[in-house]
Structure formats: C-alpha cells, structure tokens
Amino acid sequence: MGSNDILVSLCFPTCNRGQMIKSILDHYLSCSEFDCKVEIVISDNASTDSTKQLVTDYILDNPTRHIRYYRNDTNIGTLNFFESMKHAQGKYIKLCNDYLYIDDEGLKTIKDFVTQTPDNVALFFYDNLRERNNGCVRLRNVDKFIHLVNNKMTWISNFGCWKRDLLTLETYTKSEPKVNGHIIQTAFWSLFLVDSYEETIIVDFHSNHCLPIPNSKRVLTYNFFTPHVVYYYDLIDDYVKQGKVTKQTILLDKERLLSDFVGNKIVEYLILRRNCPYDLSGSWSLIFKYFGKIPYFYYIIPRQALYAVLYLPLRKKAIWFLKKMGIFEQCKKLLKK
C-alpha cells in the first residue's frame, strides 16, 4: 500500500520524552486499528535523550508498519507542531501530544469519520465536548464553535485538518505575524478553518489516554494566566471586532472558563499558594481585568476555594477510613445503585 492510501496521520511533536514515545509506540503496535491506513509521524525537536535511537529501533523492528521519524537540527519550539504535520502523508492529519495515546475504539472512530466526511467540511475530534451529543455536532460559524468548545481549542490534541488544508494554513500563518510560533497556535488554526469552511463537524471523542508525565523542575518564565486568558481572548477579540462572535458568547465563555479551568488555578496558585512552576507576578490585576466585571466570578472562586479546602481533604480522609475498614468497594457499589 502506497502513501496515497494512508487515511490518517497521527503526528507527535516531541522533545526529550523518549520513554514516553516508547510507551506510545508499544500501545499502537498492539492496536488492531493501527493498520495500513494509519501512520505515526514523530517530529523530534532536537532531543538530547535517547528518542532518536529508540524510534529508529522500532522502525527497523517493524518494517511493515507506517512509523516515520524526523529530527530538527535545533529546537524550534511550537513551530514543531506544523513541522510534524508537514511530514504527514495521510488524507487527514491528527495532532497528538507526546504524552497521549488513542485507544482502538478511538482510532476506529477517527477512520470512520474521515472516510464518511467530505473534505469540504472541517473536521475535529474533541475530547470531553461540552454538548454530550453521542456522536457529533455540526456548526457553521466561529460563534457557535467558541460557545461549544471554549479554551479546549488551545490543546493541540484537539486539532486536526485535511492534508489539503496545509498549504492554506501555512500561508495564513506566515501572513499573520502573531500566529507563527504562538503558544496557542492551534487555536488560531482552528478558528481560521472554522471561519473558512461553510460547515464544521466536531466529533464527541472520549478515547484519549494520558501517560503520567515525569516531574519537571524547570521554571517557566511566562505567567500561567497569559496564554490561557490574555492570548486566548486576544485571539477571540479579533473575531468579535469582525462581528463574527457575540458579546453574549464571550460572557458565557468567561463563566465557563472560570468554572472549568481557570477558576481552579486561581484557587490553587493564588489563594492556596501551592507549588507552581510559572511566573505569577501581576496575576491578580490580570484576573480582575478579564473577570472582575462578571458577577459569576465572585460566586465561583469562593465556592471552588471552599471545595478545595474543606470537601477534598474530608473526602480523602473518608476514603482512607473506608479502605482501612475494608468496606470501600462495597460503599462504591451502593452509591452506584
């Protein structure tokens, strides 16, 4: 089977995670759905660990499987996302985090939708889609897309596109200076594609599995809330100014972001002051700038703080006690009933 017959390319940009890539390859080589229609593309961002040797050995040991490896001479940062996709040969390109694998059912779902969906429709596979639709959601504009997916569009494993989109994406990326190498680059690409296509299909996808990531002692120089709040809403504001996203959608989006993600980090990093590898200087002024005028902010933050301080410790102690008494599993079954 030639490269023109490959249906799906799973692209893994990676750097210094050789053992995780090894686990991912072990998984896919045991999957019945990792067949001749699926390829794995690994784009190594100048790793200094054993990544190259590990992947090379897997390729030599599995000559009939579509596993391909490329290595950048220098670390090119987030530009490696697009670099990994450039090497793809499949009809549809699925970006993947290097700590994540898709189970057999998920691979089948991707192949089925790629086969059934015409390539004049944008196609995404979203883990934990907000609307539980037991299948997929169809939409026709960025307002509905933002309403549906929230900042989940910034996670690279939620991004995918047709191979035919690459040239258009490359042109767009180069023509918009702030897009090239941006830390939430995939969000720019997602909104651009949704805005370009007349119709978009988002598959309700629950087949991603994360490997445990080794603890890292590195300190990140950027503020945690900058990409997840400032950059994210700066991007969306471009579409608001064009009249493509309503203020009501932005208000709802901010409430959901506080509820689903950012609110927890405000409590964890700024209130409880738990260990954080990010720069947090100026965080409160940033938070109040974007959320201070939303009444929901003054409800959800105290609620999440109480949950973290009171409920979670009590729950942990209760589980410990039930396990010590030997009745934890029985209690779980009773609660399910």
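Biologist: To begin with α4: which residue caps its N-terminal end?

Modeller: D103 caps the N-terminal end of helix α4, with a side-chain oxygen 3.3 Å from the backbone nitrogen of E105. Such a polar contact is a pair of N or O atoms within 3.5 Å; within protein, one must be able to donate a hydrogen and the other to accept it, and residues adjacent in sequence count only if both atoms are side-chain atoms. Helices (H or I, at least four residues) and strands (E, at least two) are DSSP runs, numbered from the N terminus.

Biologist: And what sort of model is this?

Modeller: This is a predicted model, in which local features need pLDDT of at least 70 and side-chain atom pairs count only at pLDDT 80 or more, whereas totals for chains, interfaces and linings use all residues. Residues are numbered from 1 along each chain as its sequence is written, and side-chain values use heavy atoms, with hydrogens and water left out.

Biologist: Back to α4, then. What span should its 13 residues have?

Modeller: At 1.5 Å a residue, helix α4 (residues 104-116) should span 18 Å, and its end C-alpha atoms are 18 Å apart, which agrees. The expected span is 1.5 Å times one less than the number of residues.

Biologist: Which residues of α4 are buried?

Modeller: They are G106, L107, I110, K111, F113 and V114. Buried means under 20% relative accessible area, exposed over 50%, and partly exposed in between (1.4 Å probe, protein chains only).

Biologist: Now the sheet. What is the strand order in the open sheet of three strands?

Modeller: The order is β6-β9-β7, with mixed pairing. The edge strands are β6 (122-127) and β7, each of which pairs on one side only. Neighbouring strands of this sheet are turned by 20° against each other on average, direction ignored. Two strands pair if DSSP finds at least two bridges between them.

Biologist: In which sense do β6 and β9 pair?

Modeller: β6 and β9 pair in the parallel sense, over six bridges, and D127 stands opposite F205 in β9. Helix α4 packs on the sheet, touching β6, β7 and β9, and its direction makes about 160° with that of β6. Helix α7 (residues 185-196) also packs on the sheet, touching β6, β7 and β9, with its direction at about 135° to that of β6. Contact here means heavy atoms within 4.5 Å; axes are lines fitted to C-alpha atoms, for helices over the stretch in contact, and angles run from 0 to 180 degrees between N-to-C directions.

Biologist: How many bridges join β7 to β9?

Modeller: Four bridges join β7 to β9 (residues 200-205), and these two strands run antiparallel. L139 stands opposite T200 in β9.

Biologist: Changing topic: where is N75?

Modeller: N75 is in the loop between β3 (67-71) and α3 (79-86). N75 is partly exposed, with a relative accessible area of 48%. Its side chain makes a polar contact of 3.1 Å with the side chain of N45, and also reaches the backbone nitrogen of G77 at 2.8 Å.

Biologist: Last, what covers the buried residues of α8?

Modeller: The cover of α8 (residues 225-241) includes α5 (142-149), α7, α9 (247-271) and α10 (283-291). Among the buried residues of α8 are F225, Y232, Y233 and Y239. Just after α8, G243 takes a positive phi of about 80°.
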